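Work through the exercises below with the sequence and the coordinates side by side.

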Amino acid sequence: MTRVLIVDDHGVLRDGLGRVISAQADMELVGTAANGAEGVELCRTSRPDVVLMDLEMPVMDGIAATRAIHVMSPGTAVLVLTSFADRIRITDALDAGAVGYLLKDASAEEVVLGVRAAALGGSPLDPRAARMLLDAHAAPDPLAGLSPREREVFALLLEGMPNKLIARELGISEKTVKSHLTNVFRSIGVTDRVQAILWAERQGVRGDLRG
């Protein structure tokens, strides 16, 4: 018997999914939660085998909740079920510990099959999500022209640090930071910090690109 927890802030969808899960002879619905924080607490008390996790929710989003559940209960499989199919959300969810990624336009049968696969150690992925991951893997690195140190400086810039703090963090001078940023800006084709941040957003480059 697979124990399932549903975490979604839409009541109608939550109830509908609950009925689908409860109707399966090999599944037991152990709870439902309206946000990530509730989901983490219910996971702690009910110990489900699979969590169906939405991403966009109040209080705590699905990425943070997935990460918390993965740390607290690594044997619980978190299966994302969301409306969003952009590459950054997909990779963030998988990096947080989700085992699979389904979209809400999936049929009830597809969701049930996904839960069964997740419970058995599989990684169910919506074909569109899989395609995005493959395309991202095949795409050239937009930061290929940067040195490791330039990547570090750029990462700290994307985290919101001014030059003075970047220098202190890396143990280098502000002048050296400015020199690295000049090279970064030239390499990616921008002229200032704001343009660099906007470029990073368009490219899907985040502040965790160090190392």
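**Exercise 1.** In which strand is the place of T82? Describe the surroundings of T82 as well.

*Solution.* The model is predicted, so local features need pLDDT of at least 70 and side-chain atom pairs count only at pLDDT 80 or more, whereas totals for chains, interfaces and linings use all residues. Residues are numbered from 1 along each chain as its sequence is written, and side-chain values use heavy atoms, with hydrogens and water left out.

Begin with the assignment: T82 is in strand β4, residues 77–82 (helices, H or I, of at least four residues and strands, E, of at least two are DSSP runs, numbered from the N terminus). Next, T82 counts as buried because its relative accessibility is 0% (buried means under 20% relative accessible area, exposed over 50%, and partly exposed in between, with a 1.4 Å probe and protein chains only). The side chain of T82 reaches the backbone nitrogen of F84 at 3.3 Å. Finally, apart from its neighbours within four places in sequence, T82 is in contact (heavy atoms within 4.5 Å) with D54, L55, Y101, L102, L103 and K104.

**Exercise 2.** Determine how β3 pairs with β1 and with β4, and which way the side chains of β3 point.

*Solution.* Strands pair if DSSP finds at least two bridges between them. Strand β1 (residues 2–7) runs parallel to β3 and is joined to it by four bridges; the partner of I6 in β3 is L52. The pairing of β3 with β4 is also parallel, over four bridges, and V50 has A77 as its bridge partner in β4.

**Exercise 3.** Compare the backbone and exposure of R47 and V59.

*Solution.* Most residues other than glycine have a negative phi. R47, however, has a positive phi of about 50°, and V59 has a positive phi near 70°. R47 lies in the loop between α2 (36–46) and β3, while V59 lies in the loop between β3 and α3. R47 counts as partly exposed because its relative accessibility is 41%, whereas V59 is exposed, with a relative accessible area of 71%.

Notes: A polar contact is a pair of N or O atoms within 3.5 Å; within protein, one must be able to donate a hydrogen and the other to accept it, and residues adjacent in sequence count only if both atoms are side-chain atoms.
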